[in-house]
Amino acid sequence: GMLLGGAIAASLTAVGGMWLTDQALKPIEASFNQLKQFTADASHELRSPLTAIKTSVDVMLSHPERIHPADVKKFEAIASALKQMTRLVEDLLILARTDQSSHPSQWVNLPLEELLEDLIDLWLPQAEAKDIILRADAIAPAMRSIIAPVTIQGDPFLLQRLFANLLENALNYTPPGGKVTLSLEQQEDWIAVSIQDTGIGIAPEHLPLVFDRLWRADKARTRRAGGSGLGLAIAKSIAEQHQGQILVTSQLNVGSCFQVLLPIHF
Ligand code: ADP
(Lines give C-alpha, C1' and ligand atoms only; values in the text may rest on other atoms or scores of the structure.)
Protein backbone atom coordinates (compact mmCIF):
# COMPACT_ATOMS: atom_id res chain seq x y z
CA GLY A 1 0.00 0.00 0.00
CA MET A 2 2.51 2.60 1.22
CA LEU A 3 5.21 1.44 -1.18
CA LEU A 4 2.94 1.33 -4.18
CA GLY A 5 1.49 4.73 -3.27
CA GLY A 6 4.97 6.22 -3.13
CA ALA A 7 5.88 4.74 -6.51
CA ILE A 8 2.73 6.10 -8.12
CA ALA A 9 3.29 9.54 -6.62
CA ALA A 10 6.90 9.56 -7.82
CA SER A 11 6.00 8.53 -11.35
CA LEU A 12 3.21 11.07 -11.51
CA THR A 13 5.64 13.77 -10.46
CA ALA A 14 8.08 12.58 -13.06
CA VAL A 15 5.36 12.42 -15.71
CA GLY A 16 4.09 15.78 -14.52
CA GLY A 17 7.60 17.21 -14.83
CA MET A 18 7.94 15.90 -18.39
CA TRP A 19 4.55 17.26 -19.33
CA LEU A 20 5.45 20.69 -17.99
CA THR A 21 8.81 20.83 -19.78
CA ASP A 22 7.53 19.60 -23.11
CA GLN A 23 4.22 21.37 -23.28
CA ALA A 24 5.34 24.62 -21.70
CA LEU A 25 8.51 25.08 -23.76
CA LYS A 26 6.90 24.52 -27.15
CA PRO A 27 4.61 27.57 -27.12
CA ILE A 28 7.38 29.72 -25.60
CA GLU A 29 9.78 28.65 -28.32
CA ALA A 30 7.10 29.15 -30.95
CA SER A 31 6.29 32.67 -29.79
CA PHE A 32 10.00 33.57 -29.70
CA ASN A 33 10.31 32.41 -33.30
CA GLN A 34 7.13 34.26 -34.21
CA LEU A 35 8.48 37.42 -32.60
CA LYS A 36 11.77 37.10 -34.51
CA GLN A 37 9.91 36.47 -37.76
CA PHE A 38 7.66 39.45 -37.07
CA THR A 39 10.67 41.71 -36.46
CA ALA A 40 12.24 40.51 -39.69
CA ASP A 41 9.03 40.94 -41.71
CA ALA A 42 8.08 44.29 -40.18
CA SER A 43 11.49 45.84 -40.73
CA HIS A 44 11.56 44.50 -44.26
CA GLU A 45 8.10 45.94 -44.98
CA LEU A 46 9.12 49.33 -43.58
CA ARG A 47 11.93 49.67 -46.08
CA SER A 48 9.93 50.48 -49.22
CA PRO A 49 7.77 53.27 -47.74
CA LEU A 50 10.89 54.75 -46.17
CA THR A 51 12.66 54.69 -49.54
CA ALA A 52 9.64 56.37 -51.12
CA ILE A 53 9.65 59.16 -48.51
CA LYS A 54 13.40 59.60 -48.92
CA THR A 55 13.09 59.97 -52.68
CA SER A 56 10.46 62.70 -52.31
CA VAL A 57 12.38 64.54 -49.60
CA ASP A 58 15.61 64.37 -51.64
CA VAL A 59 13.86 65.80 -54.71
CA MET A 60 12.41 68.65 -52.65
CA LEU A 61 15.69 69.42 -50.90
CA SER A 62 17.54 69.48 -54.23
CA HIS A 63 15.34 72.44 -55.23
CA PRO A 64 15.43 74.63 -52.13
CA GLU A 65 14.21 77.60 -54.20
CA ARG A 66 10.85 75.86 -54.57
CA ILE A 67 10.46 75.47 -50.83
CA HIS A 68 8.96 78.34 -48.88
CA PRO A 69 11.76 79.72 -46.63
CA ALA A 70 9.62 79.10 -43.56
CA ASP A 71 9.44 75.39 -44.49
CA VAL A 72 13.15 74.72 -45.09
CA LYS A 73 13.79 73.91 -41.41
CA LYS A 74 10.83 71.51 -41.37
CA PHE A 75 12.17 69.66 -44.40
CA GLU A 76 15.57 69.38 -42.77
CA ALA A 77 13.92 67.98 -39.65
CA ILE A 78 12.06 65.43 -41.78
CA ALA A 79 15.28 64.44 -43.55
CA SER A 80 17.09 64.00 -40.24
CA ALA A 81 14.27 61.94 -38.65
CA LEU A 82 14.13 59.88 -41.82
CA LYS A 83 17.83 59.13 -41.62
CA GLN A 84 17.42 58.01 -38.02
CA MET A 85 14.46 55.79 -38.85
CA THR A 86 16.22 54.25 -41.85
CA ARG A 87 19.15 53.40 -39.60
CA LEU A 88 16.84 51.85 -37.00
CA VAL A 89 15.06 49.74 -39.60
CA GLU A 90 18.37 48.61 -41.15
CA ASP A 91 19.67 47.68 -37.70
CA LEU A 92 16.51 45.74 -36.86
CA LEU A 93 16.85 43.85 -40.12
CA ILE A 94 20.48 42.92 -39.46
CA LEU A 95 19.55 41.82 -35.94
CA ALA A 96 16.64 39.73 -37.21
CA ARG A 97 18.91 38.07 -39.77
CA THR A 98 21.73 37.29 -37.33
CA ASP A 99 19.07 36.02 -34.89
CA GLN A 100 17.54 33.66 -37.40
CA SER A 101 20.62 31.92 -38.70
CA SER A 102 23.34 30.43 -36.57
CA HIS A 103 25.72 30.79 -39.53
CA PRO A 104 26.45 33.85 -41.68
CA SER A 105 25.30 33.65 -45.30
CA GLN A 106 28.83 34.41 -46.49
CA TRP A 107 31.79 32.55 -45.05
CA VAL A 108 35.12 33.51 -46.57
CA ASN A 109 38.75 33.85 -45.54
CA LEU A 110 39.28 37.40 -44.41
CA PRO A 111 42.31 39.62 -44.06
CA LEU A 112 41.24 41.07 -40.72
CA GLU A 113 44.07 43.59 -40.73
CA GLU A 114 42.93 45.07 -44.04
CA LEU A 115 39.35 45.20 -42.86
CA LEU A 116 40.39 47.19 -39.79
CA GLU A 117 42.70 49.48 -41.76
CA ASP A 118 39.88 50.27 -44.21
CA LEU A 119 37.62 51.00 -41.27
CA ILE A 120 40.11 53.44 -39.77
CA ASP A 121 40.50 55.22 -43.12
CA LEU A 122 36.74 55.55 -43.25
CA TRP A 123 36.37 57.03 -39.76
CA LEU A 124 39.53 59.15 -39.66
CA PRO A 125 37.85 62.30 -41.03
CA GLN A 126 35.13 62.09 -38.38
CA ALA A 127 37.71 61.57 -35.63
CA GLU A 128 39.74 64.54 -36.85
CA ALA A 129 36.64 66.72 -37.06
CA LYS A 130 36.00 65.91 -33.40
CA ASP A 131 39.66 66.41 -32.46
CA ILE A 132 40.03 62.77 -31.41
CA ILE A 133 43.22 60.86 -32.09
CA LEU A 134 42.34 57.61 -33.85
CA ARG A 135 45.19 55.14 -33.86
CA ALA A 136 45.76 51.54 -34.84
CA ASP A 137 48.40 50.52 -32.36
CA ALA A 138 49.25 46.92 -32.93
CA ILE A 139 48.73 46.89 -36.67
CA ALA A 140 52.29 48.16 -36.82
CA PRO A 141 54.80 46.43 -39.15
CA ALA A 142 56.21 44.42 -36.23
CA MET A 143 52.79 42.92 -35.53
CA ARG A 144 52.03 42.45 -39.20
CA SER A 145 54.36 39.48 -39.55
CA ILE A 146 52.74 37.78 -36.57
CA ILE A 147 49.20 38.48 -37.67
CA ALA A 148 49.65 37.96 -41.41
CA PRO A 149 49.50 34.15 -41.53
CA VAL A 150 46.40 34.11 -39.37
CA THR A 151 43.13 33.68 -41.18
CA ILE A 152 39.81 34.85 -39.89
CA GLN A 153 36.76 33.30 -41.44
CA GLY A 154 33.49 35.08 -41.65
CA ASP A 155 31.10 37.37 -43.42
CA PRO A 156 32.92 40.56 -44.49
CA PHE A 157 29.79 42.73 -44.39
CA LEU A 158 28.82 41.57 -40.91
CA LEU A 159 32.34 41.80 -39.46
CA GLN A 160 32.71 45.29 -40.89
CA ARG A 161 29.45 46.18 -39.23
CA LEU A 162 30.57 44.72 -35.91
CA PHE A 163 33.77 46.79 -35.76
CA ALA A 164 32.13 49.89 -37.24
CA ASN A 165 29.54 49.84 -34.45
CA LEU A 166 32.24 49.65 -31.77
CA LEU A 167 34.35 52.33 -33.42
CA GLU A 168 31.37 54.61 -33.90
CA ASN A 169 30.49 54.28 -30.21
CA ALA A 170 34.07 54.95 -29.15
CA LEU A 171 34.06 58.18 -31.19
CA ASN A 172 30.55 59.11 -30.06
CA TYR A 173 31.19 58.71 -26.35
CA THR A 174 34.63 60.30 -26.29
CA PRO A 175 34.86 64.07 -25.85
CA PRO A 176 37.13 66.19 -28.08
CA GLY A 177 40.79 65.88 -27.24
CA GLY A 178 40.45 62.19 -26.45
CA LYS A 179 41.96 59.12 -28.00
CA VAL A 180 40.61 55.95 -29.60
CA THR A 181 43.01 53.06 -30.05
CA LEU A 182 42.52 49.91 -32.06
CA SER A 183 44.73 46.94 -31.38
CA LEU A 184 45.11 43.39 -32.58
CA GLU A 185 46.52 40.61 -30.50
CA GLN A 186 46.81 36.85 -30.83
CA GLN A 187 45.82 34.87 -27.75
CA GLU A 188 46.44 31.19 -28.46
CA ASP A 189 43.67 30.12 -30.89
CA TRP A 190 41.92 33.46 -30.67
CA ILE A 191 42.45 36.80 -32.26
CA ALA A 192 41.55 39.69 -29.98
CA VAL A 193 40.58 43.05 -31.44
CA SER A 194 40.39 45.81 -28.83
CA ILE A 195 38.79 49.20 -29.27
CA GLN A 196 39.80 51.41 -26.41
CA ASP A 197 38.62 54.96 -25.79
CA THR A 198 39.28 57.73 -23.29
CA GLY A 199 35.60 58.66 -23.16
CA ILE A 200 32.80 59.10 -20.66
CA GLY A 201 32.91 55.44 -19.59
CA ILE A 202 30.10 53.19 -18.38
CA ALA A 203 28.93 52.89 -14.77
CA PRO A 204 29.60 49.44 -13.23
CA GLU A 205 25.86 48.86 -12.67
CA HIS A 206 25.23 49.59 -16.36
CA LEU A 207 27.89 47.24 -17.74
CA PRO A 208 25.65 44.13 -17.76
CA LEU A 209 22.99 46.09 -19.68
CA VAL A 210 24.96 47.62 -22.54
CA PHE A 211 24.39 44.69 -24.92
CA ASP A 212 20.62 44.71 -24.34
CA ARG A 213 18.45 45.79 -27.24
CA LEU A 214 17.57 49.50 -27.20
CA TRP A 215 19.27 50.06 -23.82
CA ARG A 216 21.02 53.41 -23.43
CA ALA A 217 22.67 55.07 -20.46
CA ASP A 218 21.23 58.43 -21.44
CA LYS A 219 18.17 58.19 -23.65
CA ALA A 220 17.90 61.85 -24.62
CA ARG A 221 21.57 62.52 -25.30
CA THR A 222 22.24 59.41 -27.32
CA ARG A 223 19.14 59.87 -29.44
CA ARG A 224 20.53 63.23 -30.51
CA ALA A 225 23.84 61.52 -31.25
CA GLY A 226 22.06 59.50 -33.93
CA GLY A 227 22.57 55.91 -32.80
CA SER A 228 19.76 53.39 -32.81
CA GLY A 229 20.40 51.81 -29.42
CA LEU A 230 20.92 48.51 -31.24
CA GLY A 231 24.61 48.89 -32.07
CA LEU A 232 26.01 46.74 -29.28
CA ALA A 233 23.22 44.14 -29.53
CA ILE A 234 24.14 43.76 -33.19
CA ALA A 235 27.85 43.62 -32.41
CA LYS A 236 27.27 40.85 -29.86
CA SER A 237 24.97 38.91 -32.16
CA ILE A 238 27.50 39.06 -35.02
CA ALA A 239 30.40 38.04 -32.75
CA GLU A 240 28.44 35.05 -31.47
CA GLN A 241 27.43 34.06 -34.98
CA HIS A 242 31.16 33.87 -35.73
CA GLN A 243 31.75 31.67 -32.66
CA GLY A 244 33.28 34.67 -30.93
CA GLN A 245 32.46 36.89 -28.01
CA ILE A 246 32.66 40.49 -26.84
CA LEU A 247 34.06 41.59 -23.50
CA VAL A 248 33.83 45.06 -22.03
CA THR A 249 35.72 46.83 -19.30
CA SER A 250 35.05 50.43 -18.40
CA GLN A 251 35.59 53.13 -15.84
CA LEU A 252 33.42 56.22 -15.54
CA ASN A 253 35.12 59.35 -16.85
CA VAL A 254 38.23 57.36 -17.76
CA GLY A 255 37.19 55.28 -20.74
CA SER A 256 35.96 51.96 -22.08
CA CYS A 257 37.52 49.01 -23.82
CA PHE A 258 35.50 46.65 -25.99
CA GLN A 259 37.32 43.48 -26.94
CA VAL A 260 36.17 41.11 -29.67
CA LEU A 261 37.50 37.57 -29.54
CA LEU A 262 37.29 35.57 -32.76
CA PRO A 263 38.53 32.01 -33.28
CA ILE A 264 41.49 31.61 -35.62
CA HIS A 265 41.12 29.05 -38.36
CA PHE A 266 44.58 27.76 -39.15
P1 ADP B 1 23.65 53.67 -29.19
O2 ADP B 1 23.02 53.79 -30.53
O3 ADP B 1 22.86 54.37 -28.12
O4 ADP B 1 25.10 54.01 -29.19
P5 ADP B 1 24.58 50.99 -28.55
O6 ADP B 1 23.86 49.69 -28.47
O7 ADP B 1 25.70 51.07 -29.52
O8 ADP B 1 23.50 52.10 -28.83
O9 ADP B 1 25.12 51.34 -27.10
C10 ADP B 1 24.25 51.26 -25.99
C11 ADP B 1 24.64 52.23 -24.91
O12 ADP B 1 25.87 51.81 -24.30
C13 ADP B 1 24.90 53.64 -25.39
O14 ADP B 1 23.71 54.41 -25.48
C15 ADP B 1 25.83 54.18 -24.31
O16 ADP B 1 25.09 54.59 -23.18
C17 ADP B 1 26.65 52.95 -23.93
N18 ADP B 1 27.94 52.87 -24.65
C19 ADP B 1 28.23 52.13 -25.74
N20 ADP B 1 29.52 52.28 -26.12
C21 ADP B 1 30.07 53.13 -25.24
C22 ADP B 1 31.38 53.69 -25.09
N23 ADP B 1 32.40 53.38 -25.92
N24 ADP B 1 31.58 54.56 -24.04
C25 ADP B 1 30.57 54.87 -23.20
N26 ADP B 1 29.32 54.38 -23.30
C27 ADP B 1 29.05 53.52 -24.30
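How do the residues of the lining of the largest cavity divide into nonpolar, polar and charged? They divide into 4 nonpolar, 3 polar and no charged. Here Ala, Val, Leu, Ile, Met, Phe, Trp, Tyr, Cys and Pro count as nonpolar, Asp, Glu, Lys and Arg as charged, and the others, Gly among them, as polar.

The model is predicted: local features need pLDDT of at least 70, side-chain atom pairs count only at pLDDT 80 or more, and totals for chains, interfaces and linings use all residues. Residues are numbered from 1 along each chain as its sequence is written, and side-chain values use heavy atoms, with hydrogens and water left out.

The structure holds 1 cavity of 30 Å³ or more. A cavity is a set of points, on a 1 Å grid over the protein atoms alone, where a 1.4 Å probe fits but cannot get out. A pocket is an open set with protein on both sides within 12 Å along at least five of seven lines. Lining residues have an atom within 4 Å of a point. Volume is the space filled by probe spheres set on the points, with grid points joined across faces, edges and corners.

The largest cavity holds about 30 Å³ of space. Its lining consists of Trp107, Ile152, Gln153, His242, Leu262, Pro263 and His265. Strand 3 (152-154) and strand 7 (255-263) are the elements that give two or more residues to this lining. Strands (E, at least two residues) and helices (H or I, at least four) are DSSP runs, numbered from the N terminus.

The second largest pocket holds about 210 Å³. Phe32, Leu35, Lys36, Thr39, Leu92, Leu95, Ala96, Asp99, Arg213, Leu214 and Leu230 line this pocket. Two or more lining residues come from each of helix 1 (2-61) and helix 2 (69-100). By class, the lining has 7 nonpolar, 1 polar and 3 charged residues.

Helix packing was examined next. Two packed helices are described by the angle between their axes and the distance between the axes. Axes are lines fitted to C-alpha atoms, for helices over the stretch in contact, and angles run from 0 to 180 degrees between N-to-C directions. Contact means heavy atoms within 4.5 Å.

The axes of helix 2 and helix 7 (residues 231-241) come within 10 Å and cross at roughly 25°. The two helices are therefore roughly parallel (angles under 35 degrees). Asp91, Ile94, Leu95, Arg97, Thr98 and Asp99 of helix 2 meet Ala233, Ile234, Ser237, Ile238 and Gln241 of helix 7. This contact has 5 nonpolar, 3 polar and 3 charged residues.

Helix 7 also packs on helix 5 (residues 156-172), with axes within 9 Å and a crossing of roughly 145°. On the helix 5 side, the contact residues include Leu158, Leu159 and Arg161. Helix 7 contributes Gly231 and Leu232, among others. The classes are 9 nonpolar, 4 polar and 1 charged.

Helix 3 (residues 112-129) packs against helix 5 at about 40°, with the axes 10 Å apart. Leu112, Leu115, Leu116, Leu119, Trp123 and Ala127 of helix 3 take part. Their partners in helix 5 include Pro156, Phe163 and Leu171. This contact has 12 nonpolar, 1 polar and 1 charged residues.

How values were computed: Angles under 35 degrees count as roughly parallel, over 145 as roughly antiparallel, 65 to 115 as roughly perpendicular and the rest as oblique.
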